[in-house]
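Please read it alongside the structure below.

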Amino acid sequence: MSMSVSASVAAAWAALSLQAADPQVDVQAQAAFDAVAQDYPALNATVMVEGEMAWQAEGGQARQPLDGVARDHNFYSIAKMLTGLAYIRLEQDGRMALDTPVREIDPGLPPAYDGVTLQHLLNHTGGVRHYTSEADWIAFADRRCAVPADALDYFIGDDLTAAPGAAFQYSTFGYVLLSHLLVEITDAESFDAAMRDVLGEAYLAHRDHEGANKATSRVGEPGDWQLYDGMSAECKFGGGGLLASARDLAAMGTALYRGDIVDPAALAERSPYWVGRAEELDLTYVAHSGGSPGGRAFLLVYVEPQVSVALTGNYDGPNLQELAITLADLFAGIPVAGDE
């Protein structure tokens with residue numbers, strides 16, 4: 001007699017500790033990781049199951065002595081997810097409603113922002129522009145900022161691309177503005193301090209800086225790696241300017257599925273763009289990718305089976321989503337594509 005999909009998955013979840021301890025799972029995980037790591041100078045992976053370390057790996061073509069699993073890398077746009085979680089936590093704690101107009105928090109913002117709310121910015125529907133070109137990206141990356149307010153003059157005077165709530169437009173600048181507003185709301189001295197104020201010990205990242213481990217390949221010589229000189233995304237803050245190790249990123253995912261960051265009910269109610277459902281598996285997942293020159297990362301959290309997978313690299317290499325899903329499925333006991 002065949003079981004239903006949900007019953008089959010429930011049975012697999014009940015065997016999580018056995019799956020995580022299965023040497024064959026480790027072998028499969030390592031093979032999947034190695035196939036991707038060969039395209040990076042340094043790539044790290046951490047898998048945590050039910051709050052415990054289940055598996056770690058490090059690889060790459062040009063690893064340095066300090067490129068271990070605890071090495072910090074820029075995880076770029078995954079910072080947007082952490083920023084979103086901070087705002088959901090603010091609302092959950094009764095400190096700030098997400099339908100609050102942003103000019104109520106900072107009256108110094110241009111009048112064009114009159115109709116923009118925190119929720120608009122979180123959903124990428126605030127009309128705040130994104131990068132318009134590679135030159136635009138470089139110009140912003142060349143800036144140096146101590147606090148998010150230092151970055152606002154780069155974009156805050158530009159026209160909104162659409163009326164608030166009218167259209168989705170992915171915007172790093174919208175999340176830079178959210179970073180500034182978070183500092184204003186918490187009256188913190190820095191963005192990291194604001195995040196710690198809201199998320200407490202669950203926040204394990206920190207702002208980017210010059211000298212962080214970021215690599216590029218010389219044109220025509222893809223195996224000859226060199227570090228970027230002076231590369232920093234520090235002015236992006238919660239839009240993509242944070243660093244963490246794969247180990248700490250996975251631990252933040254663990255705090256999420258445990259409910260240490262936000263009540264799962266609050267997360268379900270807000271249903272942000274980085275939360276999804278696999279109905280055929282009765283599975284809720286949280287996922288976000290990040291990548292730009294000098295870094296590539298992916299965080300994938302299975303909420304019900306309590307699996308957190310973090311991948312961080314120091315090069316803008318191939319997208320890591322497929323590898324993250326493979327690792328999460330292996331350690332959740334979910335059949336992986338290609339398995340018998």
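In this predicted model, Ser179, Leu182, Val183 and Thr186 of α8 meet Phe191, Ala194, Met195, Asp197 and Val198 of α9, contact meaning heavy atoms within 4.5 Å. The residues of this contact divide into six nonpolar, two polar and one charged; Ala, Val, Leu, Ile, Met, Phe, Trp, Tyr, Cys and Pro count as nonpolar, Asp, Glu, Lys and Arg as charged, and the others, Gly among them, as polar. Helices (H or I, at least four residues) and strands (E, at least two) are DSSP runs, numbered from the N terminus.

Residues are numbered from 1 along each chain as its sequence is written. Because the model is predicted, local features need pLDDT of at least 70 and side-chain atom pairs count only at pLDDT 80 or more, while totals for chains, interfaces and linings use all residues; side-chain values use heavy atoms, with hydrogens and water left out.

**Helix packing**

- The axes of α8 and α9 (residues 191–199) come within 9 Å and cross at roughly 65°; axes are lines fitted to C-alpha atoms, for helices over the stretch in contact, and angles run from 0 to 180 degrees between N-to-C directions.
- The α8–α9 crossing is left-handed, a term used if the near helix is turned anticlockwise from the far one by less than a right angle, with right-handed used if clockwise.
- α8 (residues 172–186) also packs with α4, their axes coming within 11 Å and crossing at roughly 40°.
- α4 and α8 are therefore oblique to each other; angles under 35 degrees count as roughly parallel, over 145 as roughly antiparallel, 65 to 115 as roughly perpendicular and the rest as oblique.
- The crossing of α4 and α8 is left-handed.
- α4 contributes Lys80, Thr83, Gly84, Ala86, Tyr87 and Leu90 to this contact, and α8 contributes Thr172, Tyr175, Leu178, Leu181, Leu182 and Ile185.
- Eight nonpolar, three polar and one charged residue make up the contact of α4 with α8.

**The sheet**

- An open sheet of six strands has the order β2-β1-β11-β10-β9-β8, with antiparallel pairing; two strands pair if DSSP finds at least two bridges between them.
- β2 (52–59) and β8 (275–278) are the edge strands, each with a single partner, so one side of each has no neighbour in the sheet.
- From one strand to the next the twist averages 15°.
- Helix α4 (residues 78–92) packs on the sheet, where it touches β9 (283–292) and β10, and its direction makes about 130° with that of β9.
- β10 (residues 295–302) and β11 (residues 307–313) run antiparallel and are joined by seven bridges; Leu300 has Val309 in β11 as its bridge partner.

**Strand β1**

- Seven of the seven residues of β1 (residues 43–49) are buried, so the strand is largely enclosed by the rest of the structure; buried means under 20% relative accessible area, exposed over 50%, partly exposed in between (1.4 Å probe, protein chains only).
- Leu43, Ala45, Val47 and Val49 are buried on one side, and Asn44, Thr46 and Met48 on the other.
- Seven bridges join β1 to β2 in the antiparallel sense, and Thr46 has Gln56 in β2 as its bridge partner.
- The hairpin of β1 and β2 has two residues between the strands, and Glu50 in the turn has a positive phi of about 50°.
- β1 also pairs antiparallel with β11 over seven bridges, where the partner of Met48 is Ser308.

**Gly127**

- Gly127 lies in the loop between α6 (118–122) and α7 (134–141) and is buried, with a relative accessible area of 6%.
- Gly127 and Thr161 are 34 residues apart in sequence and 4.9 Å apart in space, C-alpha to C-alpha.
- Neighbours within four places in sequence aside, Gly127 is in contact with Leu160, Thr161 and Ala162.
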